[in-house]
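Have the sequence and the structure open as you read.

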Amino acid sequence: MYAVIRRYEGVTDPAEAGRLVDEGFVPILRRVPGFVAYYWVDAGDGVMVSTSVFEDQAGADESVVKAADFVRENLASLLPSPPQVTAGEVVAAG
């Protein structure tokens, strides 16, 4: 498995960002080959974190492109700063 974590800071409306991600982005991710799971977390203080899990790196890489496109087209005003992106192979899970 392979995971991608994106950390967004300066989120202007976490509730609206969550709604848009749930209604618009999650269905897109579910269609990416190898999709396993996705979580969008409100960490407070204008910070939101997403975690995507895929069966392989190809799916994770595709999710990074789709996330960038979705943010640019739908969330730019709510997520004013580019995310910190961390990706890698899952070496332990529970």
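Let's start with phenylalanine 25, which touches Leu20, Tyr38, Ser63, Lys66, Ala67 and Phe70, leaving out residues up to four places away in sequence; contact here means heavy atoms within 4.5 Å. Please keep in mind that this is a predicted model, in which local features need pLDDT of at least 70 and side-chain atom pairs count only at pLDDT 80 or more, while totals for chains, interfaces and linings use all residues. Residues are numbered from 1 along each chain as its sequence is written, and side-chain values use heavy atoms, with hydrogens and water left out.

Phe25 also belongs to the largest nonpolar core, which has 21 residues. Within this core, Val21, Phe25, Tyr38, Trp40, Leu75 and Leu79 have the most contacts. Such a core is a set of buried Ala, Val, Leu, Ile, Met, Phe, Trp, Tyr and Cys residues joined through side-chain atoms within 4.5 Å. Two or more residues come from each of β1, α1, β2, β3 and α2. These element names follow DSSP runs numbered from the N terminus: helices are H or I with at least four residues, strands are E with at least two.

## Helix α2

Helix α2 covers residues 57-75, and at 1.5 Å a residue its 19 residues should span 27 Å; the end C-alpha atoms are 25 Å apart, which agrees. The expected span is 1.5 Å times one less than the number of residues. Gly59, Ala60, Ser63, Ala67, Phe70, Val71 and Leu75 are buried in α2. Seen down the helix axis, the buried residues of α2 fall within an arc of 105 degrees, so they line one face; the arc is that of the directions from the axis to the C-beta atoms. Those buried residues pack against β1 (2-8), α1 (14-30) and β3 (47-54). On the face turned away from the buried side, α2 carries the exposed residues Ala58, Arg72 and Glu73.

Strand β3 is mostly covered, with seven of its eight residues buried. It pairs with β1 in the antiparallel sense over seven bridges, and eight bridges join it to β2 (residues 35-44), again antiparallel. Strands count as paired if DSSP finds at least two bridges between them.

Where do valine 4 and tyrosine 38 meet β3? Valine 4 has serine 52 as its bridge partner, and serine 52 is also the bridge partner of tyrosine 38. The side chain of serine 52 makes a polar contact of 3.3 Å with that of arginine 6. A polar contact is a pair of N or O atoms within 3.5 Å; within protein, one must be able to donate a hydrogen and the other to accept it, and residues adjacent in sequence count only if both atoms are side-chain atoms.

## Buried or exposed?

The table uses these classes: buried is under 20% relative accessible area, exposed over 50%, and partly exposed in between (1.4 Å probe, protein chains only).

| Residue | Relative accessible area | Class |
|---|---|---|
| Serine 52 | 0% | buried |
| Aspartate 45 | 82% | exposed |
| Alanine 15 | 63% | exposed |

Aspartate 45 sits in the loop between β2 and β3, and its phi is positive, about 55 degrees, although it is not a glycine. Alanine 15 is part of helix α1. The C-alpha atoms of alanine 15 and aspartate 42 are separated by 8.6 Å, with the two residues 27 apart along the chain.
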